[in-house]
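Colleague: I'd like to learn how to read a structure like this one. Could you walk me through it?

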Amino acid sequence: MATWVTRERPKTDRIACPWLIQKFIDGDAEFVYVPADEVLAVAERDGAHSFDAPGAEYTHRDGLCTFEVLLEEYGIEDPAVRMLARIVHGADISDDRDATPQSRGLLAVAEGFHLLDVGDHRQLELSLPVYDAMYAWCRNEVSTTRAAA
């Protein structure tokens, strides 16, 4: 089981990434949310992976959000996850809000969970089923598109 550390008070990418990590990278992963200025130090001290924070092992780069960077780094080719990545990208990157028709909806849901102020781990617990549902929808879209082709 690896530990993954990121900034506290998560929003889109800091919830989507744990979903991706648990489903496709490390099913036993543990997530730690800390103040932004402590992410790198906690990761180093605990031998954890850092993500979605300045200077983190996995973070935004080359126009990609952290979710997309993880896809690239771990070679995840699942077409439904790739579709979900575009949705997450639009929800997370303010200049690309219209990347997909679903991006603004995901942003609204992510912001709503953030505004509930229920604590980082409770927010993660409540939000993970949203990503399960989005992934199921993406899988259906991919299979429908392939069947029509």
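What follows is a talk about aromatic pairs, the core, helix packing and a few backbone angles.

Modeller: Happy to. Keep in mind that this is a predicted model.

Colleague: Let's start with the rings. How many aromatic pairs are there?

Modeller: A pair of aromatic rings is described by the distance of the centres and the angle of the planes. Here the count is seven aromatic pairs. Take Phe-31 and Phe-51: their centres are 6.4 Å apart and their planes make an angle of 80°, which is edge-to-face.

Colleague: Where in the chain do Phe-31 and Phe-51 lie?

Modeller: Phe-31 is in strand β2 (residues 30-34), while Phe-51 is in the loop between β3 (49-50) and α3 (66-74), so this pair ties together parts that are 20 residues apart in sequence. As for the solvent, both Phe-31 and Phe-51 are buried.

Colleague: And why is the pair of Tyr-58 and Tyr-74 called tilted?

Modeller: Look at the angle. The planes of Tyr-58 and Tyr-74 stand at 45°, with the ring centres 5.8 Å apart, so the pair is tilted. Tilted is the class left between stacked, under 30 degrees, and edge-to-face, over 60. This pair also links distant parts of the chain, since Tyr-58 is in the loop between β3 and α3 and Tyr-74 is in helix α3, 16 residues apart.

Colleague: Now the core. Which residues of the largest nonpolar core touch the most other members?

Modeller: That core has 35 residues, and the ones touching the most other members are Trp-4, Trp-19, Leu-20, Phe-31, Phe-67, Leu-84 and Val-88. Two or more residues each come from α1 (12-25), β2, α3, α4 (79-92), α5 (103-116) and α6 (120-148). Another core, of eight residues, lies apart from it and includes Val-5, Val-42, Ala-48 and Ala-56.

Colleague: What is Trp-19 in contact with, leaving aside its neighbours within four places in sequence?

Modeller: Trp-19 is in contact with Phe-24, Phe-67, Leu-84, Leu-128, Tyr-131, Asp-132 and Tyr-135.

Colleague: How do I read the packing of two helices? What about α1 and α3?

Modeller: Check how far apart the axes are and what angle they make. The axes of α1 and α3 come within 9 Å and cross at roughly 25°; α1 and α3 are therefore roughly parallel to each other. On the α1 side you'll find Asp-13, Ala-16, Cys-17, Trp-19, Leu-20, Ile-21 and Ile-25, and these meet Thr-66, Phe-67, Leu-70, Leu-71 and Tyr-74 of α3. By class, this contact of α1 with α3 has 10 nonpolar residues, one polar and one charged.

Colleague: And at what angle do α3 and α4 pack?

Modeller: About 150°, with the axes of α3 and α4 8 Å apart, and these two helices are therefore roughly antiparallel to each other. From α3 come Phe-67, Glu-68, Leu-71 and Glu-72; they meet Val-81, Arg-82, Leu-84, Ala-85, Arg-86, Val-88 and His-89 in α4. Sorted by class, the contact of α3 with α4 holds six nonpolar, one polar and four charged residues.

Colleague: Which residues in α3 are buried, and what covers them?

Modeller: Thr-66, Phe-67, Glu-68, Val-69, Leu-70 and Leu-71 are buried in α3. The cover over the buried residues of α3 includes β1 (3-7), α1 and α4.

Colleague: Last one: the backbone. What should I look for in phi?

Modeller: Most residues other than glycine have a negative phi. Asp-52 is a residue other than glycine with a positive phi, near 50°. Phi of Asp-117 is also positive, near 55°.

Colleague: Where are Asp-52 and Asp-117?

Modeller: Asp-52 sits in the loop between β3 and α3, and Asp-117 in the loop between α5 and α6. Asp-52 is buried, with a relative accessible area of 4%, whereas Asp-117 counts as exposed at 55% relative accessibility.

Key. Residues are numbered from 1 along each chain as its sequence is written. This is a predicted model: local features need pLDDT of at least 70, side-chain atom pairs count only at pLDDT 80 or more; totals for chains, interfaces and linings use all residues. Side-chain values use heavy atoms; hydrogens and water are left out. Rings of Phe, Tyr and Trp (its six-membered ring) pair if their centres lie within 6.5 Å; planes under 30 degrees apart count as stacked, over 60 as edge-to-face and the rest as tilted. Helices (H or I, at least four residues) and strands (E, at least two) are DSSP runs, numbered from the N terminus. Buried means under 20% relative accessible area, exposed over 50%, partly exposed in between (1.4 Å probe, protein chains only). A nonpolar core is a set of buried Ala, Val, Leu, Ile, Met, Phe, Trp, Tyr and Cys residues joined through side-chain atoms within 4.5 Å. Contact means heavy atoms within 4.5 Å. Axes are lines fitted to C-alpha atoms, for helices over the stretch in contact, and angles run from 0 to 180 degrees between N-to-C directions. Angles under 35 degrees count as roughly parallel, over 145 as roughly antiparallel, 65 to 115 as roughly perpendicular and the rest as oblique. Ala, Val, Leu, Ile, Met, Phe, Trp, Tyr, Cys and Pro count as nonpolar, Asp, Glu, Lys and Arg as charged, and the others, Gly among them, as polar.
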